[in-house]
Amino acid sequence: SAKRKLDEIRKLPTGRADGADKRYEDALAALLPTLLYPELDFAEAQVRTCSGVSIRDLIFYNTRVEPFLGDLGRDYDSRQIIFEMKNVQSVSREDIDQLHRYLPPAIGRFGVIVTRNELPSARQKQVVDLWSSRRVAIIGITDVDLAQMVEVFETKQRKPVEVLLKKYLEFQRLLPN
């Protein structure tokens, strides 16, 4: 169930010790497609580029059935949406740069970094700077957000994709005029 996967994620220590990072990615690769279907579909985990150099953690096809997803398709050319998973206490500059590199024009300029805690202010500034210079949008999803997604999924109060919308709106509030 979604609650069991969330509990599994919450119990994992941050970092790589004893394969915690791999278990984190595997649990999210099972949970997120369940939560986000049918709005995001055809999820595929560990997608390599042709050269095999880059590995995108999780990619969804953007169905654009929700107005928000249609906006992402129009505003960021996001035919697909990449989720990069980081089982870390605090996201680094390199983590944001990595996700940015994974957003070529053929996929789109919108990505999600899934991590344990909110992006630190320096990382928030970094994603705002990416938007200002390249019109790339990167939002962060935390354990708290995952819990909210599971809650609305289980209770059927809302669609879990609406948590992504909420995080995107919070990101937009950070942008310059």
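Start with the salt bridges: a search of the whole structure finds 18 of them. Here a salt bridge is a side-chain nitrogen of Lys or Arg within 4 Å of a carboxyl oxygen of Asp or Glu. Side chains of opposite charge can pair when their charged atoms come close.

A word on what is on screen. This is a predicted model, in which local features need pLDDT of at least 70 and side-chain atom pairs count only at pLDDT 80 or more, while totals for chains, interfaces and linings use all residues. Residues are numbered from 1 along each chain as its sequence is written, and side-chain values use heavy atoms, with hydrogens and water left out.

**Stop 1: Glu39 and Lys159**

Select Glu39 and Lys159. Their side chains meet in a salt bridge, 3.8 Å from N to O. Glu39 lies in the loop between helix 2 and strand 1 (40-48), and Lys159 in the loop between helix 6 (143-155) and helix 7, so the pair ties together parts that are 120 residues apart in sequence. Helices (H or I, at least four residues) and strands (E, at least two) are DSSP runs, numbered from the N terminus.

Is Glu39 buried or exposed? Glu39 is buried, with a relative accessible area of 6%. Lys159 is partly exposed, at 35%. The cut-offs: buried means under 20% relative accessible area, exposed over 50%, and partly exposed in between (1.4 Å probe, protein chains only).

**Stop 2**

The peptide bond from Tyr37 to Pro38 is cis, with omega near 10 degrees. Next, pick Phe42 in strand 1. Phe42 has a positive phi of about 50 degrees although it is not a glycine. Phe42 is exposed, with a relative accessible area of 65%.

**Stop 3: helix 2**

Select residues 20-36, which form helix 2. At 1.5 Å a residue, its 17 residues should span 24 Å; the end C-alpha atoms are 24 Å apart, which agrees. The expected span is 1.5 Å times one less than the number of residues. Color the buried residues of helix 2: Ala20, Tyr24, Glu25, Ala27, Leu28, Leu31, Leu32, Leu35 and Leu36.

**Stop 4: the largest pocket**

Rolling a probe the size of a water molecule over the atoms shows where empty space is left. About 260 Å³ of space lies in the largest pocket. Of the 15 residues that line this pocket, the closest to its centre are Arg16, Asp21, Glu25, Met85 and Lys86. On a 1 Å grid over the protein atoms alone, a pocket is an open set of points where a 1.4 Å probe fits, with protein on both sides within 12 Å along at least five of seven lines; lining residues have an atom within 4 Å of a point. Grid points are joined across faces, edges and corners, and the volume is the space filled by probe spheres set on the points.

Which elements give two or more residues to the lining? They are helix 2 (20-36), strand 2 (55-62), strand 3 (80-86) and helix 4 (93-101). Strand 3 gives the most, with three residues. The lining divides into four nonpolar, four polar and seven charged residues. Ala, Val, Leu, Ile, Met, Phe, Trp, Tyr, Cys and Pro count as nonpolar, Asp, Glu, Lys and Arg as charged, and the others, Gly among them, as polar.

Lys86 counts as buried at 15% relative accessibility, and Asp95 counts as buried at 11%.

**Stop 5: helix 7**

Select residues 161-174. These 14 residues of helix 7 should span 20 Å at 1.5 Å a residue; the end C-alpha atoms are 21 Å apart, which agrees. The buried residues of helix 7 are Val161, Val163, Leu164, Lys167, Tyr168 and Phe171. Seen down the axis of helix 7, these buried residues fall within an arc of 150 degrees, so they line one face of the helix. The arc is that of the directions from the helix axis to the C-beta atoms.

Now pick Glu162 and Arg158. They form a salt bridge, the closest N and O atoms being 2.8 Å apart. Glu162 is partly exposed at 26% relative accessibility, whereas Arg158 is exposed at 53%. Finish with Glu118, Asp145, Lys166, Lys167 and Glu170, which salt bridges with shared partners join into one network.
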